[in-house]
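Work through the exercises below with the sequence and the 3D structure at hand. Try each task before reading its solution.

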Amino acid sequence: MFRILSRDVARLTSPFVTRNGSGKLWKNLVWPCYTSTTNLASSSGRQWSKNWIIGKGNKIASFSTSTVNVSSTQKIVGYWLLGCSGMVFGAVILGGVTRLTESGLSMVTWRLVGEKLPRTAEEWEAEFTRYKQYPEFKIKNREITLEEFKWIWWMEYGHRMWGRAIGAIFFIPAVVFWSRGWLKTGMKKRILAFGTLIGLQGLMGWYMVKSGLEDRFHGESDVPRVSQYRLASHLGLAFVLYTLFLWSALDHLLPAQKLSESVPKAARQFRMLAHTCKGMVFLTALSGAFVAGLDAGLVYNSFPKMADRWIPEDIMAFDPQWKNFSENPTTVQFNHRILGTGTLALISGMWFLSRKTKLPPRAYTAATAVAIMGWMQVALGITTLLTYVPVSIAASHQSGSLILLSLAVWLTHEIKFMKRLPK
């Protein structure tokens, strides 16, 4: 049965929805109107719809947010997906700290089921002896003590076990929800994709670590480290998995607001710009993996210039020249700076455009949040550079990239129905 709440009809028909003294409608006014229906088939028993009447200039647009029977079972699935995205977020941060503390090469073996935890002094000595056979100890850490080795070993162990915990937290509930029929057909396909990505992520993690254990560091200036290509692939997979988890969680817990009337073409253009900003945030974060992999944050610690030059002299020092973009620390840092400032400019332009475009109400909040976090992230990046990459600030900068990406995902999720608007 359909009914309109009387108190919201009063709001809708209030004197404020009138023309002002100049004969124009009031600008930027928003009036919510709630409706509800009873649905006995739903476990929650009720479906709510929230209509927004927005006045802007001389025009009025109507927006509708419909909660399509967000039952208790769908909420459980949504919170589970949100928890999985949170676990991936934690894995990215823990992985960044592991990289910054140079702990990633301390464990020289990998087992799918689980690592054997050294418990006795003899077992720790055996683990330390295995570590001594690899390049990091021979070239860089010859003076490391057993106690110092234990510290970096525990860092890497924690990161690996966190990854395995993600697998358990995902797969066990997935089997339960699938068997009980709580997953729709489209969601089942996503679950299969999520499981595949988690498996690939684990394999890529070991493939990355293995590159730092190989006997390939023979130059005088060579430092044992993982391949920056594999590091970027590992981080990129994590970001993709995180955004897919988050998007699916939003589908279940915070459905996007549907538009009941057409809006100007500018709204469609805004949607394209928002997606471009999201892509640029992802690309900039990926370039940060190359900066981390090459320790490129330590070569030019000044801003905005690089050693009193806008373009450093050694930016194309490698031959062939294409290698500079992924193997020259100077070029990699320069590219990261350009991508960061370019992304910030796009985000700022997106925010200004949002002020002049009719959007669903929550989209305005999301656009503002993206803009604020974009400026904070650039400030963190500059601080990281000027302070010679301390662990705490650098980890905050990496966390900031994922927070910024999260907000960009939220924004594009809020406006996802705009693609159906007429040109």
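**Exercise 1. The whole chain**

How many helices and strands does the protein have?

Solution. The protein has 12 helices and 5 strands. Helices (H or I, at least four residues) and strands (E, at least two) are DSSP runs, numbered from the N terminus. The model is a predicted one, in which local features need pLDDT of at least 70 and side-chain atom pairs count only at pLDDT 80 or more, while totals for chains, interfaces and linings use all residues. Residues are numbered from 1 along each chain as its sequence is written, and side-chain values use heavy atoms, with hydrogens and water left out.

Next, find what share of the residues is buried.

Solution. Of the 423 residues in the protein, 46% are buried. Buried means under 20% relative accessible area, exposed means over 50%, and partly exposed is in between (1.4 Å probe, protein chains only).

**Exercise 2. Arg 337**

Locate Arg 337 and describe the surroundings of its side chain.

Solution. Step one: Arg 337 belongs to helix α10, which spans residues 329-354. Step two: list its contacts, where contact means heavy atoms within 4.5 Å. Neighbours within four places in sequence aside, Arg 337 touches Tyr 300, Ser 302, Phe 303, Pro 304, Lys 305, Met 306 and Leu 385. Step three: look for a charged partner. A salt bridge is a side-chain nitrogen of Lys or Arg within 4 Å of a carboxyl oxygen of Asp or Glu. Lys and Arg count as positive and Asp and Glu as negative; His and the chain ends are not counted. Arg 337 is buried and has no salt bridge, and the nearest side chain of opposite charge, that of Asp 308, is 10 Å away. Step four: the side chains of Arg 337 and Gln 333 form a polar contact of 2.8 Å. A polar contact is a pair of N or O atoms within 3.5 Å; within protein, one must be able to donate a hydrogen and the other to accept it, and residues adjacent in sequence count only if both atoms are side-chain atoms.

**Exercise 3. Ser 401**

Why does Ser 401 count as buried?

Solution. Ser 401 counts as buried because its relative accessibility is 11%. Its place is in helix α12 (residues 391-414). A polar atom of the Ser 401 side chain lies 2.5 Å from the backbone oxygen of Gln 398. Apart from neighbours within four places in sequence, Ser 401 contacts Phe 239, Val 281, Ala 285 and Gln 377.
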